[in-house]
Amino acid sequence: MGEQYDPTWESIDEHPVPDWFEDAKLGIFIHWGPYSVPGWAPVGSYAEWYPFGMYREDSEIREYHEDEWGEDVEYLDFAEMWDAEHWDPEEWASFFSDVGARYVVMTGEHHDGFPLWDSHYMQYNAAQMGPERDLVGELCEAVRAEGLRFAPSYHANQNYYQPEFDGLFGHPDYDATTIEDAVPGPEYVDFMNAKHRELIRKYEPDLLWFDTPRIDGDRLDAQELVVDFYERAAEEWDKEVAVNDRAAQESWGHHGDFVTPEYDHLDDIHEGKWEMCRGVGYSFGYNRAEDEDDHLDGDELVAMFVNVVSKNGNLLINVGPRADGTIPELQRRPIETLGEWLDDNGAAIYGTTYWATWGRDPVAEAEPEETQSEEGLPDDPENHGVRYTWKDRTLYVHFLDEPDETEPLALGEHADLSGLSTAEVVATGDEVPLTVEDGVVTLEIPDAAVDERATTVALSDVPNPRDDVNSGQ
């Protein structure tokens with residue numbers, strides 16, 4: 001029997017984050033649906049919101065839709081056109097496993113009201129039209145065969161398009177012009193929660209990944225659903241699960257097991273678990289308007305990932321497949337680069353924790369001097385400098401820039417360095433000569449061991465100062 005919870009936020013907030021989620025570090029997000037057929041949005045916006053824009057006056061998406069598809073094409077027509085002819089769930093799962101992801105989150109239903117599973121509650125779903133396949137079920141099976149965790153995300157508590165309800169924009173109280181003021185009525189809430197419970201019971205997800213921005217969780221009856229999920233996982237499935245913070249957003253990050261900034265990183269260590277989600281490009285859904293300049297390259301993705309992990313986060317990096325089920329190369333290549341880096345440096349990532357004190361200055365990073373891009377503008381500081389992770393009395397030092405011949409690190413003010421004796425490059429095993437003087441550790445990293453993506457050095461016998469504080473040392 002697992003811990004019993006009451007359907008209150010106070011009780012739910014006592015739920016512990018499972019170790020597997022703490023240790024996983026990298027997940028894959030997938031946004032795929034009828035919106036992938038037109039696959040377009042102005043660069044810098046979300047293409048998966050196509051059905052919202054196509055029905056709005058003075059919308060660039062509506063203008064594009066009428067020019068490209070004509071006024072008579074409705075959103076559900078895209079569902080009929082969506083045949084996913086090249087989709088291979090085993091190939092996707094193998095790719096996600098090869099690049100080092102430990103869990104996969106697929107959009108079970110986005111805000112367009114179109115489930116990707118065979119739902120008893122909806123005649124419009126991917127198993128009955130379009131692909132005519134249970135996309136969630138097939139990917140769930142393939143992902144778990146690779147040893148990865150799986151969850152279908154659920155965005156439907158705030159739909160802008162819901163074919164089976166009166167009104168174009170989802171539930172009857174939805175105001176199409178002011179998303180923030182959307183207030184779902186009780187019939188709509190019951191309908192959405194019934195679908196979500198069906199999704200949970202069919203696929204036994206490892207996470208509940210809600211996306212109900214700016215809706216009061218009390219109005220969604222989310223507490224009962226979350227408690228049922230926790231107890232079902234413990235008593236029937238014998239697994240440890242987690243729930244994100246978007247079931248209730250009275251203010252950012254108040255409830256749930258982990259918080260989920262979107263296309264944004266946290267500047268400092270966050271002692272509670274968090275997860276950054278974003279696409280390789282600007283959009284989650286496939287956007288044919290984006291080109292190479294609109295996507296992260298591999299080096300940028302590695303630096304972003306290391307920065308997130310050093311501050312106690314996971315990275316949920318998104319792919320937006322084309323309608324035919326293929327993942328564009330502009331998205332695959334950077335993720336493959338990250339996977340290659342993890343092949344060499346995974347020991348410095350998986351199962352690590354942040355290296356930081358409680359009650360003192362955080363030491364996730366050593367700040368670089370201001371750097372300049374090729375255009376002469378300041379580069380993103382999150383792609384530069386030094387980051388730290390820690391595991392088993394080993395401090396991992398990640399150089400996001402090419403390290404100098406000698407690299408001094410002021411570590412003595414944070415931890416006892418009396419046991420520090422050896423250092424080596426994680427990827428190659430090359431020994432790194434070091435000296436310790438007045439709390440400053442100076443490393444001499446061999447040129448041949450420098451990695452242009454990020455060079456990681458392991459320092460042995462370095463305590464975590466946070467553990468020293470907790471143990472009374």
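**View 1. Helix 8 meets helix 9 in this predicted model.** From helix 8, the residues in contact (heavy atoms within 4.5 Å) are Asn 193, His 196, Arg 197, Ile 200 and Arg 201. Their partners in helix 9 are Glu 224, Leu 225, Asp 228, Phe 229, Arg 232 and Trp 237. By class, this contact has four nonpolar, two polar and five charged residues. Here Ala, Val, Leu, Ile, Met, Phe, Trp, Tyr, Cys and Pro count as nonpolar, Asp, Glu, Lys and Arg as charged, and the others, Gly among them, as polar. Helix 8 spans residues 186–203 and helix 9 spans residues 222–237. Helices (H or I, at least four residues) and strands (E, at least two) are DSSP runs, numbered from the N terminus. The two axes come within 11 Å and cross at roughly 15°. Each axis is a line fitted to C-alpha atoms over the stretch in contact, and angles run from 0 to 180 degrees between N-to-C directions. So helix 8 is roughly parallel to helix 9 (angles under 35 degrees count as roughly parallel, over 145 as roughly antiparallel, 65 to 115 as roughly perpendicular and the rest as oblique).

**View 2. Helix 10 packs against helix 11.** Their axes lie 8 Å apart, at an angle of about 55°. Helix 10 is therefore oblique to helix 11. The crossing is right-handed (the near helix is turned clockwise from the far one by less than a right angle). Among the residues that meet are Leu 301 and Phe 305 in helix 10, and Leu 338 and Trp 341 in helix 11.

**View 3. The largest pocket holds about 720 Å³ of space.** A pocket is an open set of points on a 1 Å grid over the protein atoms alone, with protein on both sides within 12 Å along at least five of seven lines; a cavity is a set where a 1.4 Å probe fits but cannot get out; lining residues have an atom within 4 Å of a point. Points are joined across faces, edges and corners, and a volume is the space filled by probe spheres set on them. Of the 25 lining residues, the closest to the centre are Asp 293, His 295, Leu 296, Asp 297 and Glu 300. Helix 11 gives the largest share of the lining, five residues.

**View 4. The largest cavity holds about 30 Å³ of space.** Its lining includes Trp 32, Tyr 35, His 110 and Phe 114.

**Notes.** Residues are numbered from 1 along each chain as its sequence is written. In this predicted model, local features need pLDDT of at least 70, side-chain atom pairs count only at pLDDT 80 or more, totals for chains, interfaces and linings use all residues, and side-chain values use heavy atoms, with hydrogens and water left out.
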